[in-house]
Amino acid sequence: MSSVIIPEYEVTHSRPNAFNKSYERKGELKHATHYCPGCGHGNVHKMLAEAIDQLGIQDRTILISPVGCSVFAYYYFDVGNVQAAHGRAPAVATAMKRSRPESILISYQGDGDLTAIGAAEILHAANRGENITVIFVNNGIYSMTGGQVAPTTLVGQKSTTTPNGRSIENEGYPMRVCELLATLEAPVYIERVGLGDNKQIAQATRAIKRAVENQSKGLGFSLVEVLSPCPTIWKMSAVDAQHWVRGVMEKTYPLGVYCDKTKDAHPRTPHAPAPPLSELRKIMGITSEEISAPEVKQEIAADKKKVDLHVRVAGFGGQGVLLLGEILAEAGLDAGMQVSWLPSYGPEMRSGTSNCHVRISSESIDSPLVALPDVLIAMNEPSLRKFDASVRPGGWVLYNGDTFPGDCERKDVNVLALPFTNIALEIGDARAANMVMLGALLEIADALPQASIDAALNRLVKSKKWIELDERALQMGRELYHEACVGV
Amino acid sequence: MDATAVKHDRGKMCVDENECKGCGLCMEACPPKVIAMSDHLNHYGYKTAEYCGEGCTGCGICFMVCPEPGAITVMRLKAKAAAAVSGSGLEGANA
């Protein structure tokens, strides 16, 4: 009897689940990573993704991507992602691990990131023995920025900033991170692996899995350094670059385990969570009644109407632009609202342009930037010209000037143009013009109680004479608004 | 025709043309040397690796050395099917 056996195959190696199915990076490039052909980052990503799959930790893994070529790691890994400032990944991982002890924190860094600008962060994270995993991809050069010398560049290796090759007199010796960190007491596992051939790649896969596993067991700080090819900057083919890793790079950076205390290490107890905010006063021994508990204020705010006020204040430095915004925000805070105050000014202390963004809301604030203000306070003409067009239709422009420039007029906004500086001068001091304008603004917004304004004034203005003057100025502003605008 | 006379490869590999950038690392790494570079360009303008069609052992080394997450997929002959291939001595290899 004859029969035909149709061969049945099963998939044994395919894209790890920890990767996204397609990468939402750019419209066209959803299939492939942004790495150059033959780049070691892809291999290390894959090893890490496989380790995450095998350990079953995808749902609680947070990857910290660095600055460097691997900055886009968050497009590829289907895990929690945070992108840290240059070199700061271990510090970010520390904070996240301490606040979320059940998460697996992986700090993924290149050699420019880890050994140069982030040298202090990695050293101290290792010295504290943080229970995090660091994947350190070392290609001996700054690749993303075009091939400048890195602390890890080999002696004699040419880079754009060492065109004659790295010299020990000028740039010092290549930094051996594994050897350096292995002198510390705290780390439990440090190994250097390479991507130089099949055998090395297999070992790198095992090492990365171990480093992640150590963390899931709670053992402490693990770091794996991966000698990784950069065919583009090294100006080699992918295959030659691989050979160069094992033929040349490995001589300066010997592979091997530099520290392994995993057998004797006991699971570290996670850091105690921070005490709740409500206990803060007790801990700090604050008994004063002046500071009322924030919870109570939240309740007051809950009873109130919905407020979402966007204000832009602009003028020259010295006109009290920032103080105006600060008092407004401080008063909002006192009234139990969510507030943000974002100053924006040049290096000049006087006469430079200055402006600030203030938001006061009964809900959480998504961004402190005020792109479309409800109210613009323009303390001079340049500020009006700069921001007038941005005011939301139906909003208000308070302008400090005798006449409103005709070409700035808009039909869809309300305008209150008065010589506020002169008005302030009449009641005592030209410098109180900001408070007169604030008074008018408070009437327009109609969201903050007088008591909160008083509290903010008392907190921010030190001299009694000025508090008294500012109170009069605020009152004047309120009256001016009603005189000029009733019926608008 | 006697089915037992048919010899199947232990493995198969395939390359996703959209993902491959043609770096050639898989060709270099493949022990039986059954991967070659295609002579046409993909959507992004890269030449891509492709399986020659026979001789794959399913070892998975090409997958391991490939820098792209999903460019290479490796398959192995199922143990049952492999056992049916008499005298091929593959039972141990698939265990």
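**Where the chains meet**

Start at the boundary between chain A and chain B: across this interface, 16 residue pairs, both at pLDDT 80 or more, are in polar contact. A polar contact is a pair of N or O atoms within 3.5 Å; within protein, one must be able to donate a hydrogen and the other to accept it, and residues adjacent in sequence count only if both atoms are side-chain atoms. Keep in mind that this is a predicted model, where local features need pLDDT of at least 70, side-chain atom pairs count only at pLDDT 80 or more, and totals for chains, interfaces and linings use all residues. Residues are numbered from 1 along each chain as its sequence is written, chains are lettered from A and ligands numbered from 1 in the order in which they are written, and side-chain values use heavy atoms, with hydrogens and water left out.

**Chain A's side**

Now select strand S1 (9-13), helix H1 (40-55), helix H8 (198-216) and helix H10 (238-252) of chain A; each supplies at least two residues of the side that touches chain B. (Helices, H or I of at least four residues, and strands, E of at least two, are DSSP runs numbered from the N terminus.) The largest share, 5 residues, comes from S1(A).

Next, show everything in contact (heavy atoms within 4.5 Å): you'll get 40 residues of chain A and 39 of chain B. Together the chains bury about 3,400 Å², with carbon and sulfur atoms giving 60% of that. Buried area is the accessible area (1.4 Å probe) that two parts lose on being put together, summed over both. Pick out A:Tyr9, A:His13 and A:Lys46: they supply 22% of the area that chain A buries against chain B, more than any other three residues.

**Strand to strand**

Which strand of chain B does S1(A) join? Select S4 of chain B, residues 72-77: 4 bridges link the two, and they run antiparallel. (Two strands pair if DSSP finds at least two bridges between them.) Zoom in on A:Glu10, whose bridge partner in S4(B) is B:Arg76.

**Charged pairs**

There are 2 salt bridges between chain A and chain B. The rule wants a side-chain nitrogen of Lys or Arg within 4 Å of a carboxyl oxygen of Asp or Glu. Then jump to B:Glu19 and A:Arg15, with closest N and O atoms 2.2 Å apart. This pair crosses between chains, each residue sitting in the loop between S1 and H1 of its own chain.
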